[in-house]
Amino acid sequence: MIKIGLFYGTDTGNTERVSKRLKELIEEKLGPGTVDLLEIYKKKKEDMAQYNLLILGMPTWYDGELQGDWEEYIAEMQQIDFTGKKVAFFGLGDQYGYSSYFCDALGLFGEIVEKNGAQLIGMWPVTGYEHDFSKAQRGDQFIGLCLDTDNQDELTEERISKWANQILGEFGLN
């Protein structure tokens, strides 16, 4: 059976809400039980390493700060061999209040998983966003889905839905 590990960290509940919605959308297509929804809090490298298909969700706080549980997980993540694994990122940020740090966490963690052999999937266009800079941006794309539930919440559901279909195809599951 196909298993996707969806790991997230949250403080306010917004990243958890998006994670649950992604799980619903994916399981509508693949069937119940195909996505393991896991909060990153107190996880070990073995928890993530067991999956070949991963979705990682994280907010970026203020001036590029990491969500606390993800910050604590960096050392674990740096020890994982991601060779042969496909990893998709999504992040939440505030493109107006912190326009020079929008979804920076994705860029930091994206570098770690790529360095350790992962194939990044789920690139998302920067069109329609109004940020100044992001460590998650490469050319005209983010390395994953970026959401601004503070300023563009009306676009969140459509973006999640499109991205869920996109990553299923890139996982080879569509």
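**Exercise 1: the largest pocket**

The largest pocket has a volume of about 280 Å³, a volume being the space filled by probe spheres set on grid points joined across faces, edges and corners. The model is predicted: local features need pLDDT of at least 70 and side-chain atom pairs pLDDT 80 or more, while totals for chains, interfaces and linings use all residues. Residues are numbered from 1 along each chain as its sequence is written, and side-chain values use heavy atoms, without hydrogens and water.

Task: Determine which residues are the closest to the centre of the largest pocket, and which element gives the largest share of its lining.

Solution. 
1. On a 1 Å grid over the protein atoms alone, a pocket is an open set of points where a 1.4 Å probe fits, with protein on both sides within 12 Å along at least five of seven lines; lining residues have an atom within 4 Å of a point.
2. Of the 21 lining residues, Thr60, Trp61, Gly93, Asp94 and Asp150 are the closest to the centre.
3. Strand E3 (53-61) gives the largest share, 3 residues.

**Exercise 2: alanine 88**

Task: Is alanine 88 buried or exposed, and which residues does it contact beyond its neighbours within four places in sequence?

Solution. 
1. Alanine 88 lies in strand E5 (residues 86-92).
2. Its relative accessible area is 0%, so it counts as buried (under 20%, 1.4 Å probe, protein chains only).
3. The contacts (heavy atoms within 4.5 Å) are Leu54, Ile55, Leu56, Ile121, Trp163 and Ile167.

**Exercise 3: a sheet**

Task: State the strand order of the open sheet of 3 strands.

Solution. 
1. The order is E7-E9-E8, with antiparallel pairing; strands pair if DSSP finds at least two bridges between them.
2. E7 (124-125) and E8 (137-138) are the edge strands.

Key. Helix = DSSP H or I, 4+ residues; strand = E, 2+ residues; numbered from the N terminus. Buried < 20%, exposed > 50% of the residue type's maximum accessible area, 1.4 Å probe, protein only.
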